[in-house]
Amino acid sequence: MLRAIVFDLDGVLIDSEPLMRFAFEAVYRDFIGGGTPPIESYLEHMGESFPRIMDKLGLPHTLWEPYRALCQRHVDHIRLFPGSRDFLERASAVGLQMGILTGKDRLRTLQILEHFDLGRFFQVVVASDELRNPKPHPEGILCVLDRLGCRAAEALMVGDSVNDILCAQQAGVKAAAVTWGIKPERLRTLCRPDYLASDWGSLWQFVLDMGGDSGAPREPAAV
C-alpha cells in the first residue's frame with residue numbers, strides 16, 4: 001500500500017521557469033559578459049545542485065550567490081501550477097505522508113513553501129545543499145523515506161525531470177513523471193517512468209491504483 005509521496009518542487013508544484021530564466025541570464029551577463037547565456041543547457045540539468053550544473057556547463061561557482069539573491073528578491077515571478085494545492089489537500093486528507101526533495105538550496109525552498117503556504121503539507125523537506133550526492137543519486141530520496149519511516153515499496157516519487165526519475169528508480173521507488181514541467185520531451189527519450197501524468201487528475205488515479213486511499217487519515221511519522 002502507498003504510504004508516502006515525495007515531490008520534486010520546480011516544474012511539479014511550482015512554475016519557476018520564468019524566474020530561472022530571468023535570474024540566470026542576468027547573472028551570466030553581469031559576471032561572464034558577452035555571448036548568449038546557455039539557459040537551455042542550464043534547464044536540462046534541473047534537479048541537480050547549482051554548483052554541479054555550473055561544473056557541467058564550465059561556469060564558475062561564483063555565480064551562485066548573486067543568482068540566489070536575485071531569485072530570493074523576485075519570488076513573485078513564481079506561480080503555483082493549477083491543481084497543485086488541491087492535490088496536496090486530497091493526499092493529506094487520506095493520510096498520505098508527503099516530502100519534498102529538491103535541487104534547490106534549503107533557504108530558497110523554505111521561502112517558497114512559506115510564500116505559497118505549502119509547508120503545512122510536508123513532514124520532510126530535503127534540499128540539495130543538505131546532501132553529499134544530489135539527484136540523480138538516490139541519497140536524497142532515501143533520506144526522505146528514512147525520516148518518514150517509510151519503505152521504498154510504500155512510496156512514490158513525483159518529478160518532471162530525468163534526474164527525478166533516475167533518483168527514484170535507483171532507490172527502488174516507483175516514479176511518476178509529470179509533463180507540465182521544464183523539459184517534458186526528455187522524459188520520453190531518456191528515462192522510463194512508471195507513469196506519465198499529463199494532469200493532476202490522472203496522477204491521482206495512479207495514486208489510487210497504488211492503494212493510496214486508505215479511507216482513514218494517519219498520524220505523520222516523527223521527523
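**Arginine 29, the overall fold and a tryptophan pair**

Arginine 29 comes out as partly exposed, because its relative accessibility is 49% (buried is under 20% relative accessible area, exposed is over 50%, and partly exposed sits in between, using a 1.4 Å probe and protein chains only). The model is a predicted one, so local features need pLDDT of at least 70 and side-chain atom pairs count only at pLDDT 80 or more, while totals for chains, interfaces and linings use all residues. Residues are numbered from 1 along each chain as its sequence is written, and side-chain values use heavy atoms, with hydrogens and water left out.

Arginine 29 belongs to helix α1, which covers residues 17–31. Alanine 177 is 148 residues away from arginine 29 along the chain, and 33 Å separates their C-alpha atoms. Across the protein there are 10 helices and eight strands (DSSP runs numbered from the N terminus, with helices being H or I of at least four residues and strands E of at least two).

As for overall dimensions, the radius of gyration is 17 Å, which agrees with the value near 17 Å for a compact globule of 223 residues (taken over C-alpha atoms, the globule rule being 2.2 Å times the number of residues to the power 0.38). Along the principal axes, the C-alpha atoms fill a box of roughly 60 × 35 × 30 Å. Buried residues make up 53% of the 223. Of the contacts with a separation of 6 or more, 67% are between residues 24 or more positions apart (a contact being heavy atoms within 4.5 Å).

Now for the aromatic residues. The whole structure holds 13 aromatic pairs (rings of Phe, Tyr and Trp, the last by its six-membered ring, pair if their centres lie within 6.5 Å; planes under 30 degrees apart are stacked, over 60 edge-to-face and the rest tilted). Tryptophan 180 and tryptophan 200 make a tilted pair, because their ring centres are 4.8 Å apart and their planes are at 45 degrees. Tryptophan 180 sits in the loop between β7 (174–178) and α9 (184–190), and tryptophan 200 is in helix α10 (residues 200–209), so the pair ties together parts 20 residues apart in sequence. Tryptophan 180 is buried, with 18% relative accessible area, and tryptophan 200 also counts as buried, at 10% relative accessibility. Both tryptophans belong to one aromatic cluster made up of Phe7, Phe87, Phe122, Trp180, Trp200 and Trp204.
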